[in-house]
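Subject: Structure handover

Hello,

Here is the structure we talked about handing over. Please load it before reading on.

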Amino acid sequence: MGLIHYTCVQGTEFGGKTVGHGTNFINTAHLSRACLSLKRGNPFDPTPAKRRILQTPPLQENAEAQIGFLLCKQLTLYSVTPLYKFSYDRLQEYSRQLCFVIAAEKQKRLAVHVEGDLKFKATFSLVSALKTSEEDQPGVLIQVTAENPGPKVVWMGCFCCTCGGNVLDKAVEDFTCFPLFLVNGPESLSAIIGTWLQQTFDCSFSLLTIRPLNLAWMAAMWTGYKMERHKGPVELTFSVPGTAQPLNISYAIHPEDAKALWDSIHTTKQEVRQEQVDLFMDGLCSHFYRHFKIHLSATRLVKVSTSVASAHSDGKIKIHHSSYLVEILALMTELAISKIL
């Protein structure tokens, strides 16, 4: 293979501190009934033997402007139980309520630390570009803007249920299913907004961590996506267990070599199978062992980075290009649904 890079990192916690936002609120009977209803109709296997390759239509002409907020930012993933009494017709009212909440917290100086008389504006808006079929519903974007000295978005969160139409059919009355919530912004605002959302819609948020098995799926599937430009290496980061200090191994493969390996394994057109993912990872690990005599099978995969996107086991992703945004969000939605059921 054309490019192999090996790095040991000692004494540094890879990925930084895991963020907690006080997200364990008491569930009500309504919420329990909603989750039970979804569980009975769950179309997703937590560990599927195969995944269908989505055939998604091209993004609309104005979609780039709508989804730009999701690109090239580190997004923290949360799974969310169904929202009670949420209404698309009340987005302006939700915006006003959240503005009042942030202003009150700022005045109390409990969580928002700012200089001078900085004012915040909160807005809820629809993201129709995330509606890819009649069964889907548009996403909901929440933005907090600091208004002076000039407008600047300081926090954003996005609810979505991309390609989750089958789950929506099973949701009980008065509940709206947005299983995936993506966040970018300071922890102080995340804590305030997360608390308000949970109290307002009787829902519960939990950090969506990603297991090594699903990271391997991402490595294989994202390697297979065709990129005409901006090709970068496929990078895998492994955590070595049982060491006195944190120790990571970083392994980079030339994108064309990685794709050639995947193309030689992936012979099915409409789906990706678990055995294909296993063969892909085994091939990469065997190649690494031939060079360095290190068994990566004894380590834990904690991060995957490709030209399309990167993901970390601690629940953080970065989407580099819009070309496969729907496919990436659909996979994350699937993982979020499997966690709340």
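Predicted model: local features only at pLDDT ≥ 70, side-chain atom pairs only at ≥ 80, totals over all residues.

Start with the second largest pocket. Its space comes to about 310 Å³. Its lining counts 18 residues, and the closest to the centre are F238, M281, C285, L296 and S297.

Which elements supply at least two residues each of that lining? They are α6 (212–224), α8 (274–292) and β14 (300–305). Of the elements, α8 gives the most, with eight residues.

By class, the lining of this pocket holds 10 nonpolar, five polar and three charged residues.

**α7 on α8**

The helix that gives most to that lining, α8, also packs against α7 (residues 255–265). The angle between α7 and α8 is about 140°, and their axes lie 10 Å apart. The two helices are therefore oblique to each other. The crossing of α7 past α8 is right-handed.

Which residues make the contact? From α7 come A258, L261, W262 and I265. From α8 come Q276, V277, L279, F280, G283 and L284. Eight residues of this contact are nonpolar and two are polar, with no charged ones.

**α6 on α7**

Helix α7 also packs with α6, at an angle of about 100°. Here the axes are 9 Å apart.

On the α6 side, the contact involves A220, T223 and G224. On the α7 side, A258, K259 and W262 meet them. The contact of α6 with α7 has three nonpolar, two polar and one charged residues.

A258 and W262 are listed in the contact with α8. A258 and W262 are also listed in the contact with α6.

**α3 on α5**

The remaining pair is α3 (residues 91–108) and α5 (residues 187–201). Their packing angle is about 130°, with the axes 11 Å apart. That makes α3 oblique to α5. α3 passes α5 in a right-handed crossing.

What does each helix bring to the contact? α3 brings Y94, Q97, L98, V101, I102 and E105. α5 brings L189, I192, I193, W196, T200 and F201. Nine residues of the α3 contact with α5 are nonpolar, two are polar and one is charged.

**To recap**

The pocket of about 310 Å³ takes lining residues from α6, α8 and β14, among others. α3 packs with α5.

Best wishes

Conventions
Residues numbered from 1 in each chain as written. Heavy atoms only, no water. 1 Å grid on protein atoms, 1.4 Å probe; cavity = no way out; pocket = protein on both sides within 12 Å on 5 of 7 lines; lining within 4 Å. Points joined across faces, edges and corners; volume = space filled by probe spheres on them. Helix = DSSP H or I, 4+ residues; strand = E, 2+ residues; numbered from the N terminus. Nonpolar A, V, L, I, M, F, W, Y, C, P; charged D, E, K, R; others polar. Axes fitted to C-alpha atoms, helices over the stretch in contact; angles between N-to-C directions. Parallel < 35°, antiparallel > 145°, perpendicular 65-115°, else oblique. Left-handed = near helix turned anticlockwise from the far one by under 90°. Contact = heavy atoms within 4.5 Å.
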